[in-house]
Amino acid sequence: MPRQLLLATRNDGKVREIRELIGVAKGAEILSAADFPEIPEPFEDGATFMDNARSKALCYAEQSGLLSLADDSGLIVDALGGRPGVMSARYAPTSAERNNKLLVELEGIRDNERTARFVCAMALARPGRIAATAEGVLEGTIERESRGSHGFGYDPVFHVAELGCALAEAPAAIKNTISHRAKALQAMLPLLLRELGITP
Ligand code: IMP
């Protein structure tokens, strides 16, 4: 029986990124939620990123019968008491409006109080049980205006000190080495390979 892994997402960017990272999983067939259109996308109403990742992974594993990997991510802003957090995708209707709303909410906030972080929680599930979890974090600060055109979401307003620029000013290849998603995936990789029965 082929070794199969289902990525519980319809986001092409995430599928590509994860496929590249687990390219070492030789012989494993990597499927995505797009291969299972009959599985309804679960509503993300958990209190934490990990709650959402766990329930998404369990839902896809249960309905497909396959080992399933799910993630949930978002932006935590300290000056906003952790908002937008798990509501990051729903903070405002469009990406531009979300970034604008964030800049307006932070007007008058001093540089040293503009700290924020991207968080990515990942969960790996078999039908009925969680097999492994991992988390990745990227620290930064909120810019005073949008910068750059790479990436997506909050990247134009997220300043990364180690890059000396906004995340949207860095090419994808750079972002993918330091991102919260890359870090979560790196942490998950040995557990994932073990679960697939692959020796790295
Ligand atoms: P989800 O993990 O697809 O549910 O993403 C939640 C939301 O968090 C996205 O819609 C973005 O607004 C934001 N987000 C997550 N990761 C990133 C990132 O790498 N850059 C910018 N925004 C992100």
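Modeller: A polar side-chain atom of Lys 175 is placed 2.8 Å from an oxygen atom of the ligand; a polar contact is here a pair of N or O atoms within 3.5 Å. The model is a predicted one, in which local features need pLDDT of at least 70 and side-chain atom pairs count only at pLDDT 80 or more, while totals for chains, interfaces and linings use all residues. Residues are numbered from 1 along each chain as its sequence is written, and side-chain values use heavy atoms, with hydrogens and water left out.

For Ser 73, an N or O atom of the side chain is 2.7 Å from an oxygen atom of the ligand. For Arg 181, a polar side-chain atom is 3.0 Å from an oxygen atom of the ligand. The ligand on its own has 480 Å² of accessible area, of which the protein covers 87% (Shrake-Rupley method, 1.4 Å probe).

The shell around the ligand consists of 15 residues, each with a heavy atom within 4 Å of the ligand. The closest are Lys 14, Ser 73, Asp 155, Lys 175 and His 180. By class, the shell has 4 nonpolar, 5 polar and 6 charged residues; Ala, Val, Leu, Ile, Met, Phe, Trp, Tyr, Cys and Pro count as nonpolar, Asp, Glu, Lys and Arg as charged, and the others, Gly among them, as polar. Both β3 (67–77) and α5 (180–196) supply at least two shell residues, and β3 gives the most, with 3. Helices (H or I, at least four residues) and strands (E, at least two) are DSSP runs, numbered from the N terminus.

The ligand takes up the space of the largest pocket, given that more than half of its atoms must lie within 2 Å of the grid points. A pocket is an open set of points on a 1 Å grid over the protein atoms alone, where a 1.4 Å probe fits, with protein on both sides within 12 Å along at least five of seven lines; lining residues have an atom within 4 Å of a point. This pocket holds about 680 Å³ of space, the volume being that filled by probe spheres set on the points, which are joined across faces, edges and corners. Its lining comprises 31 residues, and Lys 14, Asp 72, Ser 73, Ala 89 and Phe 152 lie nearest the centre. Of the elements, β3 gives the most to this lining, with 4 residues.

Conventions: Polar contact = N/O pair within 3.5 Å; in protein donor to acceptor, adjacent residues only side chain to side chain.
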